[in-house]
Amino acid sequence: MMRRPVRVLGVIAFMSVFALTGCARGCTSSRPPIHLNPSMDNQPKARAQSASTFFYDGSTMRQPVPGTVAMGGLKEDTAFFTGKGADGQFVATIPIASDDALLERGKQRYTIYCQPCHDARGDGKGILFQRGNVPTATFHQEKMFKYTDGQIFDIMSNGSGLMPAYKWPIPPADRWAIVAYIRGLQRDRQARVPSAPAGAATPTSANASASAKATADKPAAKPAGNR
Amino acid sequence: MAQIFPPWWNKLPLAAALAGVLVPALAVAGVWYFFSPWYTDVGYRPAQPVPYSHKLHVGELGLDCRYCHASVEISSVANVPPTQTCMNCHQVVKRDSEVLAPIRDSASSGRPMRWIRVHELPDYAYFTHRSHVAAGIGCVTCHGRVDEMVTVTQMAPLSMGWCLDCHRNPAPHRRPVSEVTNMKWTPPRHPQLRLAQLERERPVNPPTDCSGCHR
């Protein structure tokens, strides 16, 4: 008659092993997940951003060999890719058609990449200013009005002083869209503050509204393309 | 004459029947519960070489995911940012911080940071971020409230069943593409109207055939 309590105790002990050592679903652990059947989980191939024991710098992703150009990667249109014309001078205006779609895109990209530091209105009261007391340039100053579109593009791409370079995360077309949006911010501010030193140095990019009509009524979203 | 079988042997058939039911039931329940990727994979939270906190940078400072994971819209891989992205701010903010030393080392030596990977599909399954982001599936749907995580934790099982559950009926998980990185987005009222509109504007067709994900 000892058996039943023993059996009950056994079951309780069995369950408490899980309750104490294991944990319920979703509990956090720093041990990598165990896959009971690792079948072909890890194949001898290189995936993006993985470590390599083969290459000297320990990274599987390679840089192009110096002096080589990838297919379709020849950047002949220097105005578009560097903001400098063939003569080495900064271009005065955005070299692509600037329309509402470009401004919309520019707003979106500005919000992602510039707003953290230059804030939504371009006054330079962003994270660096608030947390690090770093003087971040405002877009609403004489100097900025005088910059040509090409120059702003160049600063954005290659950085200047404490302003970091954003060539990597932002493709050139989006950088031009941001330039268009910054010009829009400046125009807006000038329209609202009539006392600001307008006149001589107004933001350039005169073609902004000219070609707006042309593409305004094209559908906003493309249909699913590749299927 | 002594009995060979003491009286308690009468209970044996009952005990055997009980054990025969209980043991398999426990085994099935155990496998169902403990061998599922909801148990083995969800909750993986490795300690990173730098205690980078999404809670601070996204939740408090309000950075957009794409500021760092910039390739998520254009590539199948959502890149983990290069050291330079951290130095954008940390060359001036907290520049002497102890915990950021590995970042500064990496920036000055050019050696990549070795972040520990959290989400990882088996090498035979192919996932692409680009298509999902373009179809309006929010980061939060698959990665959870990253903006509340001090250390990134895996929130979804990333199992085939989980992928297919959505692929068979993606509509309820969709949102406008502009809200993809918004962690706090809630569907507006009249969800039916919204879904119908999304479907009309951009119909999606997620693969459910094997070659869609296994190539």
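The structure is a predicted model, in which local features need pLDDT of at least 70 and side-chain atom pairs count only at pLDDT 80 or more, whereas totals for chains, interfaces and linings use all residues. Side-chain values use heavy atoms, with hydrogens and water left out, residues are numbered from 1 along each chain as its sequence is written, and chains are lettered from A and ligands numbered from 1 in the order in which they are written.

By the accessibility criterion, Asn205(B) counts as partly exposed, because its relative accessibility is 48%. Asn205(B) is placed in the loop between helix H10 (191-201) and helix H11 (210-213) of chain B, where helices are DSSP runs of H or I with at least four residues, numbered from the N terminus. Although 38 residues separate Asn205(B) from His167(B) in sequence, their C-alpha atoms are 8.1 Å apart in space.

His167(B) belongs in turn to helix H9 (residues 160-168) of chain B, whose buried residues are Leu164(B), Cys166(B) and His167(B). Seen down the axis of H9(B), these buried residues fall within an arc of 165° and therefore line one face of the helix, the arc being that of the directions from the helix axis to the C-beta atoms. The buried residues of H9(B) pack against helix H7 (129-134) of chain B, with contact taken as heavy atoms within 4.5 Å, while the face turned away from the buried side carries the exposed residues Asp165(B) and Arg168(B).

Between the two chains, 49 residues of chain B are in contact with 49 residues of chain A. Chain B and chain A bury about 4400 Å² between them, 57% of it on carbon and sulfur atoms, where buried area is the accessible area (1.4 Å probe) that two parts lose on being put together, summed over both. Of the area that chain B buries against chain A, Tyr44(B), Tyr67(B) and Asp123(B) supply 14%, more than any other three residues.

Across this interface 3 salt bridges are found, a salt bridge being a side-chain nitrogen of Lys or Arg within 4 Å of a carboxyl oxygen of Asp or Glu. The side chains of Arg131(A) and Glu60(B) meet in a salt bridge with an N to O distance of 3.3 Å. Helices H1 (12-34), H2 (37-40), H4 (65-68) and H5 (83-90) of chain B each supply at least two residues of the side of chain B that touches chain A, and H1(B) gives the most to that side, with 4 residues.

Notes. Buried < 20%, exposed > 50% of the residue type's maximum accessible area, 1.4 Å probe, protein only.
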